[in-house]
Amino acid sequence: MRLLTRLNEYINEDGYEIRILDNVLDISNYIEIREFSSTQIVIIHKNGKTIIEGSNLVIKVMLDSEIKITGNITNILLR
């Protein structure tokens with residue numbers, strides 16, 4: 001069953017993911033952005049929340065299931 005769950009998540013891409021690509025924080029499959037400022041962004045996902053801290057934080061791309069953040073990121077907290 002675990003293999004089927006992994007296969008289903010891969011096909012449907014519904015698992016929460018964080019990637020760093022070319023100095024851009026790329027987050028997929030989030031639920032909502034709870035807080036946003038130039039120093040902190042709080043993102044809610046199905047397993048909790050992620051807190052991104054830094055300076056000059058900017059949301060470069062925001063889609064229904066994907067967000068891309070740039071800036072001077074100093075801390076990423078997973079809760």
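Through how many residues does a hairpin join S5 to S6? The hairpin between S5 and S6 runs through three residues. The structure is a predicted model, in which local features need pLDDT of at least 70 and side-chain atom pairs count only at pLDDT 80 or more, whereas totals for chains, interfaces and linings use all residues. Residues are numbered from 1 along each chain as its sequence is written, and side-chain values use heavy atoms, with hydrogens and water left out.

The protein chain contains one helix and six strands, the elements being DSSP runs numbered from the N terminus (helices: H or I, at least four residues; strands: E, at least two). Along the sequence these elements follow the pattern α-β-β-β-β-β-β. The C-alpha trace spans about 45 × 25 × 20 Å along its principal axes. Of the 79 residues of the protein chain, 27% count as buried, where buried denotes under 20% relative accessible area, exposed over 50%, and partly exposed the range in between (1.4 Å probe, protein chains only). Contacts are defined by heavy atoms within 4.5 Å. Among the contacts in the protein chain with a separation of 6 or more, 39% come from residues 24 or more positions apart.

The six strands form an open sheet in the order S1-S2-S6-S5-S4-S3, with antiparallel pairing; two strands are taken as paired if DSSP finds at least two bridges between them. Strand S1 (17–21) and strand S3 (32–36) stand at the edges with a single partner strand each, so one side of each lacks a neighbour in the sheet. From one strand to the next, the twist averages 45 degrees, with axes given by lines fitted to C-alpha atoms (for helices over the stretch in contact) and angles running from 0 to 180 degrees between N-to-C directions.

The pairings can be described individually. Strand S5 (residues 48–62) is joined to S6 by ten bridges, and these strands run antiparallel. Within S6, Ile73 is the bridge partner of Gly54. Strand S2 (residues 24–28) pairs with strand S6 (residues 66–78) over four bridges, again in the antiparallel sense, and Asp26 stands opposite Lys68 in S6. S3 is likewise connected to strand S4 (residues 40–45) through four bridges in an antiparallel arrangement, with Ile33 opposite Ile43 in S4.

Three salt bridges are counted, each requiring a side-chain nitrogen of Lys or Arg within 4 Å of a carboxyl oxygen of Asp or Glu. Glu17 is bridged to Arg19, with the closest N and O atoms 2.3 Å apart. Arg19 also meets Asp26 in a salt bridge (2.9 Å, N to O). With regard to accessibility, Glu17 is partly exposed at a relative accessible area of 40%, and Arg19 is partly exposed at 29%, whereas Asp26 is buried at 3%.

Ser28 lies in strand S2 and is buried, with 10% relative accessibility. Apart from neighbours within four places in sequence, Ser28 contacts Gly15, Tyr16, Glu17, Arg19, Ser65 and Glu66.

In soluble globular proteins, nonpolar side chains tend to be buried together. The largest nonpolar core of the present model has ten residues, namely Tyr16, Leu25, Ile27, Tyr30, Ile41, Ile43, Ile52, Leu57, Ile67 and Ile69. Such a core is a set of buried Ala, Val, Leu, Ile, Met, Phe, Trp, Tyr and Cys residues joined through side-chain atoms within 4.5 Å. S2, S4, S5 and S6 are the elements that give two or more residues to this core. When residues up to four places away in sequence are not counted, Ile67 touches Leu25, Asp26, Ile27, Tyr30, Ile33, Ile43, Ile59, Val61 and Met62.
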